[in-house]
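Hello,

The structure I promised is below. My notes on it follow.

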Amino acid sequence: MKSRKITEKAVIITAAIGGVLILIMLIANTYWAYEQSIASTNQAVSAVSAFYLESMADRRAKTITNLINNNFDYMEKAVSVIDDEQIESQEELRAAIGRMKNLLSLSRFALVDEEDIVYTQYTTYTGRSRHPFLANKTLDGRMISTVFRYGSSKDLCLAIPIDIKIMGKQFKACFVQIDINDIVGLLAFDDQESTHFALYSENGGNISETELGQFIGTKNIFDATNGNVSEEEWNSFRDDFANGKKGTLTFTINDVVDTIFYEPVPDTGWELVVMIRESVIQDQFQEISKKSLTANRRQIIFILVVASLFSTLLFYMMRRIANDKLKEEKENSKVFKSMANTDSLTGVRNKHAYMETEAQLNSWIREGAVDKLALIVCDINGLKYVNDTQGHAAGDKLIKDACSLICNVFSHGSVYRTGGDEFVVLLSGKGYDTKDETIADFNRQVEENIKTNEPVVSIGYTTLQPNDEQVHDLFERADHMMYDRKKELKNMGAKTRES
Amino acid sequence: MSEKINNIFRKFLIVAFSIVIAGTSSGYSNDTEIKADDTEGVVDFVHSLDDYVPAKNRYNFYFTYKIVHPWWDAVALGMEDAQKKYLDKGIVITYEYMAPDAASYEDQTKRLLEAQKGDYDVIGVDVADEEKISPVLDEMVAAGNKVMTFSSSDAATDCKRIAYVGNTHNYQDGADLTEALCKKLGYKGKVGILVGSNGAPCHEDRAKGAKDTIAKYKNMEIVAVEYDQDSIDMAYNLAKQMLGDNPDIAGFVCCNMSNPVGTARAVTELGSSAVIVGMDHDQEALHYLKDGVIYCLGVQDCYSIGFDTLQVAVKIADGNLPGDLFPDKTDESTTIIYQEDAELMLEVLYGDVTQ
């Protein structure tokens, strides 16, 4: 598979797209989390409300039941005590009733004789029309009824049958009346206006006169809710009251959600209704959510700013690192290249460098781009002899001295060491123009060196001819000429390979 | 060089991470944080005792009234209110409040004679029959008993009872109700009159007021006057009988508490369109008023009658006579209410309009 080169631009675009995608995902995720949080909060509010209301109603209903049971027990004890006393007059009876009333903290405590005359601590009165439970000739057992007193006061009336004789009269019943307001006081609900309660008769009338929230108030609960819930729910609600069942009802008025929980108070025919305004809880939850959301926004913005700064700095630093590395590599490359093309002994270009230059020149020659080019082949005389007789160190010194001679004289040329004792000098430009003088100077210097036992270098030279196709053509001609010169110098006394 | 850059990069990473953690945490460190209606003109439930200082700290009274009936239960509640208020002042008042199941001057006479034998500071009477009971009261007074009358029926004007607390305008109540009926009927048509107990002053006075009013209009005629003896069932039967005898009866005047209830039942059952006017605040009658079966009712302030009766009784027990402390007749009000007032009255008097 053909791999494509990844450009810097591609990396930046990818990084930018990735960054934007991450940002969008981060915001979308936060928004989704917020929506989920609201939905979960609403569910939690409903669940908590229902649980809270049921628990609250249950406790209050039990409180009333306990109150009723206690009063029944107290009445039985009081009657027992009165029956044991030898009461001879109405005054004594009133006094006894008063003692029991105070001792047992009974509310309006009274005895009823078989003619329906009611005896209390301070009064004696005919009570048939006043106390509905006296409508029956006899009481079969414990009786609980609600008394709607003239003047809007309401009492819970608890009556038990009794069978005692006082002052020669047969007594048939005993009862207490508990003011509903006292019961309401016992229930002690919170005053934070988030929860409300009221006691209702089975037909929805408010008995306790406590306000069940702003909307229902003290109105008949059926009238108040009619039209605000479905007909099915409303009918079911009414049936529950009629049958003494518990349940919940949620309705929305003016965008305010109210939930009521109703629980029957055993034996009284009452329904205890507690209400919680879900919006109160929801508002609190939402306020918390909003604050949390605002905090999240701030965090996101803060993170984005930090991330942006961080990314910018990171990008800058990476770019710098990359540039430094690139620069370093270029330098290394240069060194390596220089090392590859330089002769370690003499410091001039080596044969590898010559071959690269040759290849380039061949190309230019083929293109006809070169017209002035001279090539000089140089060969050190007597190197083998020096190596053999004086050692390689002396040989190396000879090579370096010879190279210095070549470089000094052909200062406008390119000098290459192409072999052990061979050098090639390429002349172009000024070097080419002054070649004749330079070559003559070189040869003269060499001839003097024979006498002073300095390095002797044989050279052959040529220039680019129209028929030349490559550098090698020049090299061949120059090489022949160099051999001729070598012989000539030998005759002048120059050292040879052997001597 | 590259080592130096690596060090800077490492330091920057630590600082940046610390700042991010600090910034993220700082987000969490933020605070993640409801008639009194005008019923006073009809019934006054708010009373306080006057400035009179009783001479004793214990009193014992005896009260008897015409018949066991919710109307007098309302009077009893006013008495109880006064008794509690005296008790709060350290004055203990005990009393009997007794009545027969059926109105009877014989029964009342028997009760009064029996009460004479008791140790009562004052004996109060709601006169069942003015003619029969007034002499009994005179004898009791002559025997040294302190006797007063109360509620809706006073004794004869020459009776020696000490004082009276209650309705002093029964004639006018009957006249006012009947005037309302006549106006409603356009001052024409047949009218039936139901009265309570024979001889009961309040009932008789109202019936007289009704008769006199109707007599003013030539196109109006009284077809029957019947007594139900304060029995709803009897009132019902009498009304049915009147409607049977005179199907074109245009209206009824009911002079006591049981009359309008029985008459409304009969009118409803027979589908009559007769207009009913009547007395008092029976719960069933108020429902009929609410439903438009009864046109209007004259409601007496029973509560105040009871409260004031006890206050006057205390003063009488202390040997006071009518004058600056209390009048010979303490008048209590009667208010005529109509359909639009019914619901409120039901709520005020019985607490639950839907009961």
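S151(B) has G166(B), in β5(B), as its bridge partner. The strands concerned, β4 (residues 147–151) and β5 (residues 164–166) of chain B, run parallel and are joined by three bridges. Strands here are DSSP runs of E with at least two residues, helices are runs of H or I with at least four residues, and both are numbered from the N terminus. Two strands pair if DSSP finds at least two bridges between them.

The model is predicted: local features need pLDDT of at least 70 and side-chain atom pairs count only at pLDDT 80 or more, while totals for chains, interfaces and linings use all residues. Residues are numbered from 1 along each chain as its sequence is written, and chains are lettered from A and ligands numbered from 1 in the order in which they are written.

Both strands belong to an open sheet of twelve strands with mixed pairing, in the order β4(A)-β5(A)-β6(A)-β1(A)-β2(A)-β3(A)-β2(B)-β1(B)-β3(B)-β4(B)-β5(B)-β11(B). At the edges stand β4 (143–148) of chain A and β11 (329–331) of chain B; each has a single partner strand, so one side of each is left without a neighbour in the sheet.

Helix α3 (residues 105–116) of chain B packs on the sheet and touches β1 (58–64), β2 and β3 (122–125) of chain B. Its direction makes about 160° with that of β1(B) (axes are lines fitted to C-alpha atoms, for helices over the stretch in contact, with angles from 0 to 180 degrees between N-to-C directions; contact means C-beta atoms, placed from the backbone, within 7 Å).

Chain A has 13 helices and 14 strands.

Regards

Technical notes
Two residues are in contact if their C-beta atoms, placed from the backbone, lie within 7 Å.
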